[in-house]
Amino acid sequence: MVRLVFLGPPGAGKGTQASLIAGFYQVPHISTGDILRTNVAQRSALGWQAKEYIDKGDLVPDQLIIDMVEERLEKPDALHGWVLDGFPRNVGQAKFIEQLLSTNQNANDIQGEKTQKNNSLIVINLQVPDQVLVSRLLSRGRPDDNEQTIQHRLQVHHQQTEPLIEFYKERQQLITIDGNHSVEAVTNSLKQAVNQSC
Ligand code: ADP
């Protein structure tokens with residue numbers, strides 16, 4: 001079973017790589033950014049609440065995001081693995097995933113199923129220098145991809161998401177990949193690294 005999490009700053013290529021890797025392992029690609037944008041477009045209650053944060057480049061409050069991810073991971077297609085893109089983005093969210101996996105593990109132990117190495121969470125840290133990120137984001141042109149919001153998102157990433165690198169290093173779940181190469185080259189390094197740790 002493949003359970004993958006992508007860390008990495010905005011513009012690192014998480015979405016592109018997460019989608020390719022999910023296709024390769026035939027598990028759902030779950031992007032919190034995409035789910036939020038769909039909610040905003042549909043003007044759902046969650047969309048209304050999340051919009052002001054997204055527009056500013058701030059993190060949407062944990063409780064909203066965690067409920068949203070929990071609901072998505074309960075769907076049948078996510079029972080046999082997933083690739084998470086954009087979650088967790090802070091220590092609180094990482095603890096939620098840890099808790100969720102340990103609950104699953106206990107359930108499996110009770111049913112006598114063989115559990116997997118490391119409880120099979122693999123964390124990919126996609127590294128790209130800041131100046132490359134900014135130019136990639138400006139050429140993408142999403143509504144939250146203006147210069148001011150981009151700078152703020154990078155700052156939020158450094159402050160809130162980067163501590164997860166240490167968090168997962170300590171748990172020996174971290175794989176760092178150089179994301180400053182072509183899409184194909186990055187996908188190849190990723191597949192190699194994931195195959196070695198599954
Ligand atoms: P990027 O990584 O390119 O900035 P995303 O599509 O992953 O873009 O996220 C866009 C926005 O959605 C973020 O700036 C944030 O406001 C919100 N968001 C996405 N995932 C989360 C999360 N796990 N926790 C809080 N907010 C989130």
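The part to be described is strand β3 (residues 81–85).

Analyst: This is a predicted model, in which local features need pLDDT of at least 70 and side-chain atom pairs count only at pLDDT 80 or more, while totals for chains, interfaces and linings use all residues. Residues are numbered from 1 along each chain as its sequence is written, and side-chain values use heavy atoms, with hydrogens and water left out.

Helices (H or I, at least four residues) and strands (E, at least two) are DSSP runs, numbered from the N terminus. β3 belongs to an open sheet of five strands, ordered β2-β3-β1-β4-β5, with parallel pairing. β2 (29–31) and β5 (174–178) are the edge strands; each has a single partner strand, so one side of each has no neighbour in the sheet. From one strand to the next the twist averages 25 degrees.

Two strands pair if DSSP finds at least two bridges between them. β3 pairs with β2 in the parallel sense over three bridges, and with β1 in the parallel sense over five bridges. D85 in β3 stands opposite S31 and also opposite F6.

Five of the five residues of β3 are buried, buried meaning under 20% relative accessible area, with over 50% exposed and partly exposed in between (1.4 Å probe, protein chains only). G81, V83 and D85 are buried on one side of the strand, and W82 and L84 on the other, leaving both faces covered.

Helix α2 (residues 32–41) lies across β2 and β3 and runs at about 60 degrees to β2. Elsewhere on the sheet, helix α9 (residues 183–197) lies across β1 (2–7), β4 (121–127) and β5, at about 160 degrees to β5. Axes here are lines fitted to C-alpha atoms, for helices over the stretch in contact, and angles run from 0 to 180 degrees between N-to-C directions; contact means heavy atoms within 4.5 Å.

α2 also supplies five residues to the lining of the largest pocket, the largest share. β1, α1 (14–25), β2, α2, α6 (130–140) and α7 (147–161) each supply at least two residues of this lining. The lining has 38 residues, with P10, K14, R89, R142 and R153 nearest the pocket centre. On a 1 Å grid over the protein atoms alone, a pocket is an open set of points where a 1.4 Å probe fits, with protein on both sides within 12 Å along at least five of seven lines, and lining residues have an atom within 4 Å of a point. The volume of the largest pocket is about 790 Å³; grid points are joined across faces, edges and corners, and the volume is the space filled by probe spheres set on the points.

P10 is in the loop between β1 and α1. P10 counts as buried because its relative accessibility is 9%. Not counting residues up to four places away in sequence, P10 touches L133, L137, R153, L154 and H157. The C-alpha atoms of P10 and R136 are 9.3 Å apart, although 126 residues separate the two along the chain.
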